[in-house]
Amino acid sequence: MIEVTGAEHDVARVFAPSSVAVVGASGTPGTLSWWPLHLLRRYGFGGPVHAVNPRRTDIDGMPCVPAVAAIGEPVDLAIVALSARSTVVAVKECAAAGVGAVVLPSQGFGELGDEGRAMERELLGVAREAGMRIVGPNTDGVANLATGALATIQPLFGQGVRPGQVAVVTQSGATAASLLVRLDREGIGCRLYASAGNEIDLGLADYMSVALQDPEVEIVVSFVEAIRRPRDFVAVAELAAELGKPIVLIKVGRTEQAAARAAAHTGALAGPDRIYDALFRSLGVLRVAELSEIVAVVKLYLAGGAPRSAGLGVMSVSGGQAGAIADRAPEFGVTVPPLTDAAQERLTELLPFGSPLNPCDLTGEVATRHDLAAAVYSVYDADPGIDLVAYARKELTGSAGRDAAANLVEAARAGSTPLTVYAMDGALNDDESATYAEAGVPVFTSLAELLTATGALARHRETLRRRAARDPRPVRPVPRGDLPHGGGTLGEAQARALLGAYGIRGPESATVPDAAAAVEAAERIGYPVALKVVSGRIAHKTEAGGVVLGLTGAEEVRAAAEAVLSNARRHLGGAEADGLLVQEQVTDGVEIIAGLVADPRFGPFVLLGTGGVMAELLDDAVLRPAPVAPDEVREMIAEIRGRGLLDGFRGAPPADTGALVDAVVALSELGADHAGRLAELDVNPLLVRPAGRGAVAVDALIVTRDRNEEE
């Protein structure tokens, strides 16, 4: 087994114990301490099961021992179904008896405050000293449906859950129960289950790593409230990408509270939820919004794997519905591509009353020609632009629908393009349902869920392809540039020097003390010029009245300098600014914002978006973990809504996108090199000049954190 988090062998034993003890076992049906024994029996666990209860001699015919020490043989896994305080005592007894791992369902630990956290520390200390592992506390437990090893108090398993090819690893037992119900209802089932609980020892990434490496698990699904061990999570997600197995999850907590405290535009645009989105996207983790979407992704993936592309072929018994599907598809990143000439010619032959298009209206002919849908599928199957076919069906009279389903399934078996069915009626008749189920064709009653799954899996495949094709990143050299000691906002000269060390060019400029020196500098640089206040205590110069643009003569510069210094004095409560920056004003370019934000959990991220004073208002920005390669920057450019400005909008010349790519790559390297000291960095605007003329960092804001604070 590949060691990613270091806990894989211990977790593998938790999922596949040779023997299990239930501490606090009860014979009262329905109680939490009754479920573990009941489920181990119901699912046919083959190893020894020991009931521990000092007040009972047997439970339903199973002998009870008064303590773990009285079992008299090794125990791989013990479920401690007791109150929080009694759990601490029992865990000490388990450690002394050499138990390999304990599952702690009890609540009343760290989630309740300081006293609970103190008990958690005591538990962990005992376990570490004995070499014993802990699941939880505050967990529903773990389950291996393939072997019957259910060390869990989850009542849902009492309804019967079939083994499957899915692993469910969650931080919410109640949500997981609903997910298990949905998976089982679809005939999918579950192989491995883990409720992480408070994760004082084993955690989300540990369970995921083992689940991904199980050859019978094809996909891992999760409900995540907090990623407590970021580095391990990233390493496990990278393992999933290498194995080609998707992780599909809901991550709750879409808040922007941290963004409200940001000093730079980048920090405001790169809120915590966007950090997660960027991280998941770069790793190929599929983030969805609700449980039905998890099930939709699983259903489509297990039926045919990830489609080779987002190209969807649509055929429908309703022309209106065909158009509706094509209209909605782009919302989900799905395309309905035009057909090749050969495909159109064949459809013309098949559909004398229809149009040879994608989407395809099967017309009323489908009610009398029961092989029509199958024939259209075969046309789509031969078209290289289509990698998934969706059949939008409704109930047809007589045997038409049933015969169409049988013919369609046979065509799909002979073809190579996955087939899906969208039930426009919201359900299928029993015959059609059985036909599609036997053939492994997924049926969707929600168009949104079908399109969500299609778009997500197509993106997943493309992400894996790009990761595999990307050149390995070279070993990073010694960081360039220098950051002063302490935290705070860098002065203009320091910021320029750091950017310059990475080849990010600024306009010609000079820092001066007063208005007279500003005039001299402007005459030397050449007009037009911009004038800016220099002060480490003024983050946003424009808001403080500290920027004047388009100055074309000496008197304008003098008046502007005096006004800027006066505005700064007022903004600083009577204190003087550090000086003035006189800067060449570049006027022939597209305003872009490029920046960095260092997330304390996941490290540096680079941001790219439409820039200028309206950067936050436009909210048009994308993020990637830093550093990035040139092809990643080109992907980022393609995603921003303002990309048309770079192509030459309304007669403007095309911008130098090559220079933009180089600048963002360099900026991302700066972020990776100085991740421990940087908090936020803005280059806004980064002026991307016409092709061949480069890109200029017109204004820069760099906020650092104190090294001691970082440590």
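Across which strands does helix α17 lie? In this predicted model, helix α17, made of residues 447–469, lies across β15, β17, β18 and β19, and its direction runs at about 155° to that of β18. These strands belong to an open sheet of five, arranged in the order β16-β15-β17-β18-β19 with parallel pairing. The edges are taken by β16 (360–361) and β19 (443–444), each of which has a single partner strand, so one side of each is left without a neighbour in the sheet. Helix α12, residues 319–328, also packs on this sheet, where it touches β15 (312–316), β16, β17 and β18, and its direction makes about 160° with that of β15. Within the sheet, strand β17 (residues 388–393) and strand β18 (residues 419–423) run parallel and are joined by five bridges, and in this pairing Ala 392 stands opposite Tyr 422 of β18.

The setting of that sheet is a protein with 25 helices and 30 strands, whose C-alpha trace spans about 100 × 80 × 40 Å along its principal axes. Of its 711 residues, 56% count as buried. Among contacts between residues at least 6 apart in sequence, 72% join residues at least 24 apart.

Five bridges connect β10 to strand β12 (residues 219–224) in a parallel sense, and the bridge partner of Val 166 in β12 is Ile 219. With strand β11 (residues 192–195), β10 pairs in the parallel sense over four bridges, and here Val 169 stands opposite Ala 194.

Five of its five residues are buried, so β30 is largely enclosed by the rest of the structure. Ala 700, Ile 702 and Thr 704 point one way from the strand while Leu 701 and Val 703 point the other way, and all are buried. Strand β20 (residues 488–489) runs antiparallel to β30 and is joined to it by two bridges, with Thr 489 standing opposite Val 703. Strand β28 (residues 678–688) is likewise antiparallel to β30, through five bridges, and the bridge partner of Leu 678 in β30 is Thr 704.

The nonpolar interior can be considered next. In soluble globular proteins, nonpolar side chains tend to be buried together. Here the largest nonpolar core has 62 residues, and those with the most contacts inside it are Val 142, Tyr 207 and Val 220. Helix α6, residues 204–213, gives the most to this core, with seven residues. Leaving aside residues up to four places away in sequence, Val 142 touches a set of residues that includes Val 14, Phe 15, Leu 77, Val 103, Tyr 193, Ala 194 and Tyr 207. Apart from this core lies another, of 54 residues, among them Cys 190, Val 248, Leu 286 and Ala 456.

His 50 is found in strand β2, residues 49–52, and counts as buried because its relative accessibility is 14%, under the 20% cut-off. Beyond residues up to four places away in sequence, His 50 touches Val 20, Ala 21, Val 22, Ile 71, Glu 73 and Val 75.

How many disulfides does the model contain? The count comes to zero. In the case of Cys 64, the closest cysteine sulfur is that of Cys 94, and at 15 Å it is too far for a bond. Cys 64 is buried, with a relative accessible area of 12%, and Cys 190 is buried as well, with a value of 0%.

In the model, the end C-alpha atoms of residues 496–547 lie 17 Å apart, and the span is 33% helix and 21% strand.

Technical notes
Residues numbered from 1 in each chain as written. Predicted model: local features only at pLDDT ≥ 70, side-chain atom pairs only at ≥ 80, totals over all residues. Heavy atoms only, no water. Pairing = 2+ DSSP bridges. Contact = heavy atoms within 4.5 Å. Axes fitted to C-alpha atoms, helices over the stretch in contact; angles between N-to-C directions. Buried < 20%, exposed > 50% of the residue type's maximum accessible area, 1.4 Å probe, protein only. Core = buried A, V, L, I, M, F, W, Y, C linked by side-chain atoms within 4.5 Å. Disulfide = S-S within 2.5 Å.
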